[in-house]
Amino acid sequence: MSTTSVMGGIVRRKEDPSLIQGKGVYVDDIRRHGELASAFVRSPFAAATITSVDASAALALPGVHAVYTIDDVRHLGLNPAQVAVGTLRPLLADGTVHHVGQAVAMVVADDRYIAQDAADLVYVDYEPGDAVVDLKDAYADTVQVHDGVSNTLLTWNGHAWWEGVIDLPDPSPGIQEAKERDDTVVVSLEMVNQRLIPTAIEPRAVLADWKSGYDSVELWSSSQIPHAVAGAVGLAFGIGSNKVRVVAPEVGGGFGLKLNVYPDEILVCFASKVLGRPVRWTETRREAGFASIQGRGWIGTSTITGTREGKILGYELDAICDMGAYTHNFTVAIPLLGLFVASGQYDIPTSYALHCVVTNTPTTDAYRGAGRPEAAYYLERIVDAFAREIGMDPADVRKANYWKPDQFPVTTPIGLTMDTGNYEVNLDALLERVGYEDLKAKRDAARAEGRLLGLGLSSYVEVCGFGPSALAGLGFSWAGYGLPAAFNGSGVVRVQPDGTCTVTIGTGPSGQGHETTWAQIVSDGLGIPMDNIEVHHGDSIDSPMGIGTFGSRSIAVDGTASFEATNRVKEKAAIIAGHLLEAAPEDVQFADGGASVAGSPDRTVSWAQIAESAYQPHTLPEGMEGGLESSVVFSPPNATWPFGSHLALVEVDPETGDVDLLDYWATDDCGNVINPMIVDGQVHGGIAQGIAQALFEEAIYDDMGNLLTASLVDYPLPAAENLPMFSLDRTVTPTDVNPLGVKGIGEAGTIGSAQTIVNAVVDAVSHLGVKHIDMPLRPKRVWQAIEDARN
Amino acid sequence: MEISISVNGTQTGGDVAPRTLLVHYLRDNLGLTGTHVGCDTGYCGACTVIVDGRTVKSCTMLAVQADGRSIETIEGVAVGDELHPVQEGFWECHGLQCGFCTPGMIMSSIALLDNNNDPSEAEVRHGIEGNLCRCTGYHNIVRSVQYAGAKMRGEDPQGASQGVSS
C-alpha cells in the first residue's frame, strides 16, 4: 500500500484509515480526567432588556458547580473581532439581548444532562422591545437594533474605501449616459440571496483545561483558526498567546462557520480557571442556529445597461447585506469580498453600493464563498436576463464581454489586479464537452412537447489565496486578536534522524486532505515515500505561526511555504550527500528514498544516512550548521483568481413546480493540481452547497426574530437522492503569484453553482413569462411563479 | 437501570440512568467515540449503528431500550487489520472528506449492501438517504458503495490505488 507519488497524481488519503474505522479524534471525543460539562441559557426574545436573572434553583440542583452571568466575566472584555466595525458581542448578554438564542448565562455541571436541566432552571425576566428583522425595515432605521446607533454600519461602494491606498480611475464611466441612449437596453431585477446556516455535520465543540500552576491553558476547539483563538484567549486573560495552546484536532467540516472566535471558547477557559477542572461545551444542532454564524442574507437590485448586440455598457449592484446583531470576525468584510469579484469575468463599467445593515438576528460571517457567491449570483443572473431580453445566446453574451487573454494582468474596476485568466477557452471547453448545441436542441424539442426543460449557464471568477501581506495594513490581519501577522503561509519541513519526515504547517484541514496533499509536495521534492511523511497541524504552540484555513488559501500560501522549505532541505541534503559520496552537490540526485550521484547509480546514501550525518555536526562539511529542517514564511505578491464555467440541465414539473436536476457540468480552472481526486472532491462538495442554496435551504425568521428552521427537519440539507452525479473537467491556467502555480479550489464550486441552477429553472419557464424566482426554488415557489405569470 | 448489551461481540452493561441515550452510552460509558452526534433529532445519521441487524440512529434510542440486544458500531466493522469492503471503498473512492458523517454512512452502506450487493446508483442514493454529508455532495459516496458492492461480489473494482478517481 505504498502511496508514493509525484505531484499531480491520484493518491489515497493519508487521513482516511483512522476516519473510516471510527478512530479519528474530534473535540467531543476527547476525555479529560475530572471534566465538567456546560450549557447555556438563551434568550427567547430578539430584542429585550433583562430585568433579573435568578439562578438559585439551578445552583441548588445536585451536580451543578456554577452559573455565570456577564457580571462574572465582564472584566474579560467583549468578544473580539478582526474587522471590528459595528457592535461587538459581549461574552454573555449585558443587560440587553439583541437576537433570539443569545447566551444570557452559562451553567457548569457534572455532565451535559445535568447542565441542561440546570439551564432550564435559570429564571430570566425580560422586558421585550421592538425587533427589526426585515432587511429593508432595518435599512430604513425606524427601529434601531442598538439604541442610538444607525443600523447601517457602512456602505461599500467599490472605490472610496481604497482612497489613498490605490489610485483609481472612475469605475463607472458612462453608465448614466448609456442609460439615456435610445439604442440601449436596461435590464433590472430585485433578488434575494437568502440567509443560510452553514451546518457542518460536526457541531462546534470546545474543551478547556486551565493549568493553574503554570497560568496557562489548553483549549481544544473545532476551529479553522487555532492561532487566532489563542491570541484572543490570551488577550482576554491578560496572558501571552504563548501561554495558550489551542488544538484543533479532527475538524468535522468548517465552511467558514469555524472561522470565528466565539464567546464559548473564552468562557470555557474562564470556567476551567475558576473551578480548577476541565470544562467542555458541545453545541447542539438547534443551538448551531444561534451560537454559530450564518451566511449570505442579501436583498439587492442588479442592473445591466447594454446594446442589443450584447455589449454591456454598465453593471450596477445595490444591495442591503444582513450583518445580524453583532460583529464577529469578518462580518462587515464579507460584502467587501463580494465586491472584489463583483464584475466577474467581464470588462465592464461598474457601480456598487453594498449596505452593511444590522438586524435582530444572529451574526453573519463567512460561509463557503463568503460574499463571492452572492456577487456571482447577482451578476450572472442579470447577465442571463440581459441575454434573454436581447434574444442572444447567454454564452455569446458572456463571450462578448470577457476580459481577453492578452489584457492580463487586468486591473478590475475597483483597482485589484488579476494576474491571469483565459475565460473564453474555458467556456468553450465546457460547451464543446457537453455538446451545447445538441443540448439546446434537446431542450427545445422537449419544450415543443410541453415539457419544461431548462439550461442554465454561469461564469465566475473567484478571488482567493489570501494573501498579500500589504492587505494586513488595510485591516486584514489578526491584529484584532493581538496577533499582528499578515495572511502569511508557513511550513516547517524536518527530516528526522531516522530518515522519516515531519511537516508542520500553519494551516489545517477540516476535510480538505492537507495531510495527503502536503505529503505529495514534500515527497515529490525529496523522494521520501509518502508513508514516511507525517503532516502535523492545528496546534497553536507546535505549529508555525499561521492564519488558518479559509478563503481557499491553504495550498496557494501555506502549500508554497512547505514547497520552499522542501527545496531548502533538499539543497542542504545535497551538500551533505555530496560530502558523504565525495561528489559535487550539483551532481546529487534524489529518488527512491535516498540520494545518488548522477552517472554513478551505485553510489547512494539513504535519507537516514544523510540525516544521521546532519544531526552529528562533526561529520558535516566544515562550518555547516547541524540539523536538517527548514522553516519558511511565504507572503504572496497577490491573491489568486480561479475561474470557471458551470452548466445545468433541469426539468420543471408544470403541475407541481418540482425541479428535477438532470445533469450538472463544470469546467473549473484552479491552476495546477496536486491531487486531482481531492480537487474534484472539493468541487463536488462546493457545487452541492450551491445547489442546496438554489433549491433547498433557507434560514427563515418570523417578524419576531424567531428562527423557524433551527433543526434539520426544517432546514433541509440535500440528501443523496436530491443530487445527481457531477461531470467535471478542468482547464489549467497557472497563477504567477506562487511557484506551484496553484490557485485554490475550496469555494469555486459554490461560487459557480447557485445561479447556474436558477438560470436553468428560469430558462425552463421563461417562455411562460417568468423572469425570476427567488431561492430556494422549492416546488411551491416555482409553481406559484408559473401561476402568476400565466394569470 | 441494569442493562446488558452485546457491543461488537463483547458483552457490556451495568447501571445506567434511564434517560441515557444509546449514543451517549456508547461514547461516554464504553469509549466508542466513532459513533458521532450531528443533530439530536435523528436526521443526520452520524450516529447510525446496527442493532440486531438493522440500522438505528442511536441518538433516538435509549440505552435501556438496547437491553438484551446486539449492537455493531464502526469500531467493530474491520476484522483486525482487514478493512471491510465498504471501508476500503470509501478510502479508494474518496468517499469522505471531514470524516464526521463517515461512520454512520458506512454503517448504513453495510446494511444496504447486505440486502443488495449490486445496487444501482438510484438504489444507493435511496439506501443512504437517512445519512447527511456536507462535504462530498455524495458523488464519491455513491462510487464508494458501488466499489464495495463489486468487491463483495468478488470483482476487482478500480480506485485511487489504480490511479482512478471520479
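Of the 166 residues of chain B, 58% count as buried, where buried means under 20% relative accessible area, exposed means over 50%, and partly exposed lies in between (1.4 Å probe, protein chains only). The model is predicted: local features need pLDDT of at least 70, side-chain atom pairs count only at pLDDT 80 or more, and totals for chains, interfaces and linings use all residues. Residues are numbered from 1 along each chain as its sequence is written, chains are lettered from A and ligands numbered from 1 in the order in which they are written, and side-chain values use heavy atoms, with hydrogens and water left out.

Chain B contains five helices and five strands. Both kinds of element are DSSP runs, numbered from the N terminus: helices are H or I with at least four residues, strands are E with at least two. Read from the N terminus, the order in chain B is β-β-α-β-β-β-α-α-α-α. The radius of gyration of chain B is 16 Å, close to the 15 Å that the globule rule gives for 166 residues, so chain B is as compact as a globular protein of that length. That radius is taken over C-alpha atoms, and the globule rule is 2.2 Å times the number of residues to the power 0.38. The C-alpha trace of chain B spans about 50 × 30 × 25 Å along its principal axes.

Contacts in chain B were then sorted by sequence separation. Contact means heavy atoms within 4.5 Å. Among the contacts in chain B with a separation of 6 or more, 57% come from residues 24 or more positions apart. The surface of chain B was also computed. Chain B carries 10 positive and 19 negative side chains. The centres of these two sets lie 8 Å apart. Lys and Arg count as positive and Asp and Glu as negative, while His and the chain ends are not counted. Each charge is placed at NZ of Lys, CZ of Arg, CG of Asp or CD of Glu.

Chain B divides into domain 1 (2–76) and domain 2 (85–155). Such bounds come from an automatic or database domain assignment. The centres of domain 1 and domain 2 of chain B, taken over C-alpha atoms, are separated by 22 Å. Their contact takes 16 residues from domain 1 of chain B and 13 residues from domain 2 of chain B. For chain A, the assignment gives domain 1 (34–129 + 199–291), domain 2 (370–466 + 638–790) and domain 3 (488–634). In chain A, 38 Å separate the centres of domain 1 and domain 2, taken over C-alpha atoms. Ten residues of domain 1 of chain A are in contact with ten residues of domain 2 of chain A.

B:Thr102 sits in helix H3 (residues 102–115) of chain B. Its relative accessible area is 1%, so B:Thr102 is buried. Leaving out residues up to four places away in sequence, B:Thr102 touches A:Leu19, A:Ile20, B:Phe90 and B:Leu96. B:Asn140 belongs to helix H5 (residues 139–152) of chain B. B:Asn140 counts as buried, at 2% relative accessibility. With the sequence neighbours up to four places away left out, B:Asn140 touches A:Gly681, A:His684, B:Cys93, B:His94, B:Gly95 and B:Ser166. B:Asn140 and B:Cys59 are 81 residues apart in sequence and 26 Å apart in space, C-alpha to C-alpha.

A:Asp28 occupies the loop between helix H1 (16–19) and strand S1 (36–42) of chain A. A:Asp28 counts as buried, at 10% relative accessibility. Residues touched by A:Asp28, not counting those up to four places away in sequence, are A:Arg112, A:Ala205, A:Arg280, A:Thr282 and B:Arg27. A:Asp28 and A:Glu283 are 255 residues apart along the chain, and their C-alpha atoms are separated by 9.9 Å.

Backbone geometry was examined in chain A. A cis peptide bond, with omega about -15 degrees, joins A:Phe466 and A:Gly467. A:Gly467 is found in the loop between strand S18 (452–461) and strand S19 (489–495) of chain A. The peptide bond from A:Met775 to A:Pro776 is also cis, with omega near -5 degrees. A:Asp141 has a positive phi of about 70 degrees although it is not a glycine. A:Asp141 counts as partly exposed, at 24% relative accessibility.
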